[in-house]
Amino acid sequence: MGLTTASSRLPFMTIGLGLGIIWWLANPFGWTDAGERVGAHTTAAVLVSFASAAGLLAQFTWTGRDWARWILSAAGVALVIAVVTWQVWSHQPTVPVDYRGDGQRIGVWILGACTFLYIAAPFAQIYQDTGRLRFPYPGLFEHSWTNVFVLLTAALFAGAVWTLLAIWTALFQLLNVSFFRDVFFSPPFAYLATFTVLGYGCSVGRMNESVIRALRRITLMGAYALLPLVALIALLFAGALPVRGLTPLWETGRATPLLLTFLAAIIVLTNAVFEDGASMPRYARVMRIGIEASVLVTPGFAVIAAYGTWLRIDQYGLSPDRVYALLLVLIALLYTIGYAVSVVWRTPPWIGGIQRVNVAVAIVIAGLALAVQLPPLDPLRLSALDQAERLRTQRTPVSEFDFASLRFKLGRYGWEELSSLRQLPSHPDAEVISAAVDRVLLADSYWSARRAPVPSAASEIRRIPSDLEVTDEFLARMLEQSSQGANCVPPNSCAVLGADLDHDGLLELCLISLQSYRKSWCYVQGEAGEPRSIGQLLYSGANRQAWEQALEALSDSPIAFRRPRYDSIVVHGSEGVFEFYPED
């Protein structure tokens with residue numbers, strides 16, 4: 001690293017102090033009003049992003065020499081960050097608007113910018129060291145792991161300083177002295193102190209190369225011990241799939257996230273164990289064969305994750321989460337197929353082949369981190385266009401369409417598509433769609449809009465028993481009132497159970513969500529003809545399967561009742577009662 005003297009810490013602290021001043025003047029955590037934040041502070045956001053990226057890279061690439069190259073590498077990467085930040089902020093409304101969702105771009109971009117910087121930093125560090133645009137894999141590997149521990153060192157040091165300041169403040173508050181609290185937690189001190197301390201912590205990490213290498217070595221040793229276990233899990237799971245089939249995976253509803261997480265663990269551990277790929281690790285032959293076999297089966301896991309994601313998209317259309325899932329699946333496919341090809345290619349040592357895979361996929365990831373913020377791959381844009389098109393082409397029934405998400409989750413693009421849906425003269429349910437759009441426009445939140453059912457939805461809700469007579473109008477009002485109404489999308493995910501629970505000759509109607517069993521909310525018709533909530537009907541069966549069987553039985557058989565064997569004790573003048581619960 002080339003940093004050995006105490007005076008070497010000064011540049012790091014100076015850069016940190018400069019960042020603190022910029023953050024203090026911009027004060028991004030003080031931007032509370034949406035219009036003000038994106039209107040008056042767009043320039044400040046771009047400046048903060050440029051300064052933060054340039055400052056971080058400047059601290060990681062500082063060598064005390066070749067200033068021009070140092071400034072060029074840090075400023076070049078930071079300029080990319082600043083341009084994309086401007087693009088992200090340009091989508092934020094500058095005046096109060098009637099739609100929501102564009103704000104999520106900021107959080108996604110913060111994560112994307114950190115990913116881009118993490119990938120770009122080792123390249124910038126090698127360029128600063130050598131002055132050439134050649135990037136040997138051993139150097140990329142070393143910097144990518146070392147940077148993590150340098151950041152952790154800086155964060156731990158800053159956390160320790162602020163812990164001591166908090167104790168300092170608390171001690172003097174015991175004496176009713178608030179001066180230190182007012183100073184330490186004021187924006188100027190907080191920003192300047194935090195970034196200066198982070199700079200000092202970064203210098204500590206970079207100056208103590210032996211300590212960082214020791215921490216890295218300990219981590220890699222842990223990975224060395226864990227990789228055979230992960231390989232065993234992969235092989236056992238691959239062997240169980242043909243026996244059990246894919247159906248249990250789809251029933252969980254979370255197969256893709258679990259598979260992607262497992263693949264990420266395999267990829268990280270494989271990289272950690274094989275380091276720069278110069279030589280094979282010293283595993284026993286059986287273990288090495290098992291690890292190689294596990295690498296060969298991982299593309300199958302990625303394909304299953306891709307297929308599961310495609311099934312969800314084919315059934316429900318695109319959403320921002322599914323777009324991100326597609327990108328993660330693509331990355332997993334690139335990694336796993338590349339690693340498997342390296343094993344099959346068998347160039348000694350075969351693991352050296354993952355060097356090219358890692359560099360290529362890292363560049364792809366950095367590109368995707370930027371691309372998802374641009375219109376061609378914008379998840380909000382793609383989702384809004386796809387969902388609206390599915391409704392226009394009748395792939396999604398009107399009763400199952402989530403109109404509320406267009407207004408409250410997909411930002412300006414969703415709002416534009418929602419507005420366009422009011423004019424669909426060729427659609428057979430054009431009037432129903434227009435009415436649904438009007439109701440969403442009147443709602444004040446996503447969940448209140450979801451509770452407003454589409455007129456045709458009530459007629460599609462399952463009746464129990466099957467000959468139950470209840471008007472669609474009354475059922476629609478039940479949906480509006482009940483918290484279960486938000487779960488009745490699509491409408492066939494709900495049922496209404498009719499039973500004379502109090503034996504007064506009038507039916508009580510209980511709305512049941514088939515997505516979450518046991519509880520149902522019950523209503524009677526009030527004096528004005530409106531539904532009136534009277535309580536909940538709880539199911540005490542052992543599991544969901546028993547509950548579903550019970551609903552099927554109620555659909556085709558007469559409803560029977562069981563009165564309590566033991567009465568409750570009523571105390572005159574008291575609201576409470578004594579209820580008896582028998583042991584059996």
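This is a predicted model: local features need pLDDT of at least 70, side-chain atom pairs count only at pLDDT 80 or more; totals for chains, interfaces and linings use all residues.
Show the side chains around alanine 272: with residues up to four places away in sequence left out, the ones it touches are Phe141, Trp145, Leu220 and Ala223. Arginine 217 and alanine 272 are 55 residues apart in sequence, and their C-alpha atoms lie 9.7 Å apart.

**Serine 294**

Move on to helix H12, residues 285–316, and pick serine 294 within it. Is serine 294 buried or exposed? Its relative accessible area is 4%, so serine 294 is buried. Apart from neighbours within four places in sequence, Ala231, Ala234 and Leu235 are in contact with serine 294.

**Leucine 152**

Next, select leucine 152 in helix H6, which runs over residues 137–173. Here the relative accessibility is 45%, so leucine 152 counts as partly exposed.

**The whole chain**

Zoom out and colour by secondary structure. The protein chain has 22 helices and 7 strands. Of its 584 residues, 43% count as buried. Take the contacts between residues at least 6 apart in sequence: 69% of them join residues at least 24 apart.

**Helices H5 and H14**

Two packed helices are described by an angle and a distance between their axes. Show H5 (residues 104–130) together with H14 (residues 354–371): the axes are 9 Å apart and the packing angle is about 145°. The crossing of H5 past H14 is left-handed. Which residues in H5 and H14 meet? On the H5 side, select Trp109, Gly112, Thr115, Phe116, Ile119 and Phe123. On the H14 side, select Val359, Ala362, Ile365, Ala366, Ala369 and Leu370. Coloured by type, the residues of this contact between H5 and H14 come out as 10 nonpolar and 2 polar, with no charged ones.

**Helices H13 and H15**

H13 contributes Pro320, Arg322, Val323 and Tyr324 to the contact, and H15 contributes Pro379, Leu380, Ser383 and Gln387. The contact of H13 with H15 is made up of 5 nonpolar, 2 polar and 1 charged residues.

**A cavity**

Rolling a probe the size of a water molecule over the atoms shows where empty space is left. How many cavities of 30 Å³ or more does a search of the whole structure find? There are 2. Go to the second largest cavity, which has a volume of about 40 Å³. To display its lining, select Arg105, Val108, Tyr324, Val372, Gln373, Asp378, Pro379 and Leu380. H5 and H15 (379–392) are the elements that give two or more residues to this lining. By type, the lining of the second largest cavity has 5 nonpolar, 1 polar and 2 charged residues. Tyr324, Pro379 and Leu380 are among the lining residues, and they also take part in the contact of H13 with H15.

**Backbone geometry**

The last stops concern the backbone. Most residues other than glycine have a negative phi, and most peptide bonds are trans.

- Select aspartate 66, in the loop between helix H3 (42–61) and helix H4 (67–90). Aspartate 66 is not a glycine, yet its phi is positive, about 55°. With a relative accessible area of 33%, aspartate 66 is partly exposed.
- Select histidine 503, in the loop between strand S2 (494–499) and strand S3 (508–513). Histidine 503, likewise not a glycine, has a positive phi of about 55°. Its relative accessibility is 40%, so histidine 503 counts as partly exposed.
- Select isoleucine 464 and proline 465. The peptide bond joining them is cis, with omega at about -5°. Proline 465 sits in the loop between strand S1 (462–464) and helix H21 (472–481).

Conventions:
Residues are numbered from 1 along each chain as its sequence is written. Side-chain values use heavy atoms; hydrogens and water are left out. Axes are lines fitted to C-alpha atoms, for helices over the stretch in contact, and angles run from 0 to 180 degrees between N-to-C directions. Helices (H or I, at least four residues) and strands (E, at least two) are DSSP runs, numbered from the N terminus. A crossing is left-handed if the near helix is turned anticlockwise from the far one by less than a right angle, and right-handed if clockwise. Contact means heavy atoms within 4.5 Å. Ala, Val, Leu, Ile, Met, Phe, Trp, Tyr, Cys and Pro count as nonpolar, Asp, Glu, Lys and Arg as charged, and the others, Gly among them, as polar. On a 1 Å grid over the protein atoms alone, a cavity is a set of points where a 1.4 Å probe fits but cannot get out, and a pocket is an open set with protein on both sides within 12 Å along at least five of seven lines; lining residues have an atom within 4 Å of a point. Grid points are joined across faces, edges and corners, and a volume is the space filled by probe spheres set on the points. Buried means under 20% relative accessible area, exposed over 50%, partly exposed in between (1.4 Å probe, protein chains only).
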